[in-house]
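Subject: Structure handover

Hello,

Here is the structure for your files. My notes on what came out of it follow below.

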Amino acid sequence: GIPKYVKIVEVGPRDGLQNEKNVVPTSVKVELIRRLVSSGLSVVEATSFVSPKWVPQLADAKDVMEAVRNVEGARLPVLTPNLKGFEAAVAAGAKEVAIFASASESFSKSNINCSIEESLARYRAVAQAAKKLSIPVRGYVSCVVGCPVEGAISPSKVAHVAKELHDMGCFEISLGDTIGVGTPVKAQGAPSCGPEHYSAKLRLGARPRHSSFVIAGTQRPTCGIRVKTELPCEVVLLDKALGPNVQTGNVLPLLEAVMAVVPVEKLAVHFHDTYGQSLPNILVSLQMGISTVDSSIAGLGGCPYAKGASGNVATEDVVYMLHGLGVKTNVDIWKLLQAGEFISKYLGRPSGSKTAIALSRV
Ligand code: HMG
Ligand code: MG
């Protein structure tokens, strides 16, 4: 059976807004957080204490946190990539933090500028400092199904990082399909990964050109090798940097691998909706016993360092599905819709939530 109650972790003000090109005023961010809290959400990720050079949109983290630190009714965690961020977060009034590692070496490098092991060492320092202050720490693992550079990521890599985060004291581990490529289950007899699509510079005969193609089987191309594709000619991969951009992996084997090392009560799922797979993936996760789901108001979101990463699954759509399944969330969907309308109006574009669009026509 599926859980009777699901805790939603609203990540819109952080994951949602971090990818917005135009800087959103602090007052709008604060108002959004207030509205989200008043809809009944019990956790609203407020901002990130990261380098303003890396994420200019959240350069006002201190001002946002100081404005909402006394808001009651919800926990307001913030992202902290290192001790510097942790100390700034605590000084601004944060009572809960999140650290974010990756299951992909390449993504770790491009997102936080260090290797996975280096990041874990940094995070151990943050976790120790937090423990001294009795501040709960959430851990994220990103690229749990696929990486924009490396392609498919094996469940064992994810399980390793999840266990490390759990061992250092994280009370919850959120598994992030950063680029939204995952699908729910592995069909009997299906290969462990679907066809991998590549977009690359090819040598077709004598002249190099750009094209996209599907690599046959499970071969992993490297520069200069001849690859078998569906194209009726020899293809030589010239530019690995343009490498794999789509790959599928399955959520079920991933959850099985992680649940073998971290108790299911401590796991959360974090799906980006790039390929429209979030709701089926969430349903499978619920069936596996997971009862914490991350989502973003109006489907805002993405990650500035993951090309092609679109918004997180919309909170309105998750709440609609959960209530339809008879699962309690304590969220007032009408107030939630108003919060979504507020930010969509400010951003000047339609909501990324199907539920919001459908109900706005009623
Ligand atoms: P770095 O350049 O290697 O760091 O960045 P550094 O230690 O060399 O410092 C460089 C400069 O940044 C220095 O300033 C530091 O003081 C400053 P300068 O001397 O040049 O003036 N700095 C800071 N400033 C403010 N707050 C800090 C901080 N740390 C250093 N905490 C670093 C390394 C980790 C800082 C950087 O790469 C960074 O900030 N990365 C964050 C990227 C990010 O926020 N990505 C999005 C969040 S992750 C995500 O979205 C995935 C998730 O949603 C799950 C999923 O979807 O899968 C969680
Ligand atoms: Mg995310």
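Of the contacts in the chain with a separation of 6 or more, 72% are between residues 24 or more positions apart. Please keep in mind that this is a predicted model. The chain has 362 residues, of which 50% are buried, and its secondary structure consists of twelve helices and 16 strands.

Sheet. Nine strands form an open sheet with parallel pairing, in the order β2-β1-β16-β15-β9-β6-β5-β4-β3. β2 (43–44) and β3 (47–48) are the edge strands; each has a single partner strand, so one side of each has no neighbour in the sheet. Within the sheet, strands β9 (residues 172–177) and β15 (residues 267–271) run parallel and are joined by five bridges. One residue pair to look up there is Asp-177, whose bridge partner in β15 is Phe-271.

Helix on the sheet and core. Helix α6 lies across β5 (97–102) and β6, and runs at about 165 degrees to β5. In soluble globular proteins, nonpolar side chains tend to be buried together. Here the largest nonpolar core has 92 residues, and Ala-101, Val-141 and Val-158 have the most contacts inside it. Helix α6 (residues 116–132) supplies the largest share of this core, with six residues. As for Val-158, leaving out residues up to four places away in sequence, its contacts are Ala-103, Val-141, Val-144, Ile-153, Leu-175, Leu-254, Ala-257 and Val-258.

Ligand 1. The ligand is surrounded by 27 residues, and the closest are Val-50, Ser-51, Gly-85, Ser-142 and Gly-176. Two or more residues of this shell come from each of α4 (83–91), α5 (105–112) and β6 (137–142). α4 contributes the most, with three residues. Sorted by class, the shell around ligand 1 has twelve nonpolar residues, twelve polar residues and three charged residues.

Glu-341. This residue sits in helix α11 (residues 333–347). Is Glu-341 buried, exposed or partly exposed? Glu-341 has 17 C-beta neighbours inside 10 Å, and therefore counts as partly exposed, since a buried residue needs 20 or more and an exposed one has 12 or fewer. Glu-341 and Ser-351 are ten residues apart along the chain, and their C-alpha atoms are separated by 7.3 Å.

Regards

Technical notes: Residues are numbered from 1 along each chain as its sequence is written. Chains are lettered from A and ligands numbered from 1 in the order in which they are written. This is a predicted model: local features need pLDDT of at least 70, side-chain atom pairs count only at pLDDT 80 or more; totals for chains, interfaces and linings use all residues. A nonpolar core is a set of buried Ala, Val, Leu, Ile, Met, Phe, Trp, Tyr and Cys residues joined through C-beta atoms within 7 Å. Helices (H or I, at least four residues) and strands (E, at least two) are DSSP runs, numbered from the N terminus. Two residues are in contact if their C-beta atoms, placed from the backbone, lie within 7 Å. A residue is near a molecule or strand if its C-beta atom, placed from the backbone, lies within 6 Å of it. Ala, Val, Leu, Ile, Met, Phe, Trp, Tyr, Cys and Pro count as nonpolar, Asp, Glu, Lys and Arg as charged, and the others, Gly among them, as polar. Two strands pair if DSSP finds at least two bridges between them. Axes are lines fitted to C-alpha atoms, for helices over the stretch in contact, and angles run from 0 to 180 degrees between N-to-C directions.
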